[in-house]
Amino acid sequence: MATSTAPQLRKALKRSAPGLTRERALWAEGHEVVVGIDEVGRGAWAGPLTIGAVVLPKQGRVNKIRDSKMLTEREREALFDRITDWCEAWAVGHASERECDELGMSEAQRLAARRAIEGLGVAPDQFLIDGKWDFIGGGMTTMIVKGDATCLSISAASILAKVTRDRMMRIEDEHFPAYDFAWNKGYPCPRHKQALRGVGPSAIHRRSWAFMDDIPWTGAVRYVRPDPQGTLFDA
């Protein structure tokens with residue numbers, strides 16, 4: 001679906017461009033490799049949790065980058081190759097639905113982040129991540145509330161993560177057409193919920209989630225992670 005030219009930016013988005021203020025401040029301090037990090041899929045009922053990681057160059061610019069949630073699927077697809085060609089390094093890491101169940105979402109997010117960072121092929125000096133939770137650690141992280149909308153490297157990472165995961169879910173739709181994954185990407189919606197009630201969860205559903213308790217299907221059992229101390233607890 002990728003195209004060489006991004007669609008004309010909608011008027012509502014023209015004044016909301018993310019900037020390089022945070023990256024430039026870190027570059028000025030001598031941090032050469034600044035990695036923008038963002039995640040997608042945390043709230044989905046099916047499919048992986050995905051982390052995007054990018055290292056932007058100090059020169060040049062790709063216009064029309066925004067928080068992936070602000071863009072249409074066509075806009076994101078059109079930007080994907082332009083961003084990857086521009087980046088000095090980029091990678092996407094995943095935690096599978098099974099890993100989300102067995103590890104819990106916090107540990108799964110750390111795992112996906114490690115995989116993305118390892119995939120960069122460079123040694124990071126600093127990280128910029130969206131939100132208030134440092135899932136990277138190591139004293140190298142700057143957390144930015146609404147960073148996916150204001151920080152260019154995080155915005156770019158959000159697009160790469162979103163497009164990669166969406167492509168994966170469109171492929172899964174071919175295997176599990178009842179759930180309409182090509183449209184909902186594994187997130188809850190009426191048709192997705194109806195399919196769960198009718199045929200139960202697929203092989204890529206997260207079986208530790210609370211929606212499993214509402215499926216009127218005898219073969220669907222909610223997964224409960226064992227506590228390391230020997231008891232059981234809900235994910």
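Strands here are DSSP runs of at least two residues, numbered from the N terminus. With that in hand, the largest pocket of this predicted model can be tied to its secondary structure: strand E1 gives the most to the lining, with four residues. E1 and E4 each supply at least two residues of that lining. The pocket has a volume of about 300 Å³ and is lined by 19 residues, with Asp38, Glu39, Val40, Lys69 and Asp130 lying nearest its centre. By type, the lining splits into eight charged, six nonpolar and five polar residues.

The largest nonpolar core has 34 residues, and Val35, Ile37, Ile51, Leu120 and Phe211 have the most contacts inside it. Two or more residues each come from strands E1 (34-40), E2 (49-55), E3 (89-95) and E4 (126-130), and from helices H4 (105-119) and H8 (190-199). The top contributor is H4, which gives six residues to this core. As for Phe211, its contacts beyond four places in sequence are Trp45, Leu196, His205 and Arg206. There is also a second, separate core of 25 residues, and Trp86, Leu152, Ile154 and Ala156 are among them.

Then there is Ser153, which sits in helix H6 (residues 152-175). Ser153 counts as buried because its relative accessibility is 1%, against a cut-off of under 20%. Once neighbours within four places in sequence are set aside, Ser153 is in contact with Glu23, Gly36, Val54, Leu56 and Leu128.

Conventions
Residues numbered from 1 in each chain as written. Predicted model: local features only at pLDDT ≥ 70, side-chain atom pairs only at ≥ 80, totals over all residues. Heavy atoms only, no water. Buried < 20%, exposed > 50% of the residue type's maximum accessible area, 1.4 Å probe, protein only. Contact = heavy atoms within 4.5 Å. Core = buried A, V, L, I, M, F, W, Y, C linked by side-chain atoms within 4.5 Å. 1 Å grid on protein atoms, 1.4 Å probe; cavity = no way out; pocket = protein on both sides within 12 Å on 5 of 7 lines; lining within 4 Å. Points joined across faces, edges and corners; volume = space filled by probe spheres on them. Nonpolar A, V, L, I, M, F, W, Y, C, P; charged D, E, K, R; others polar.
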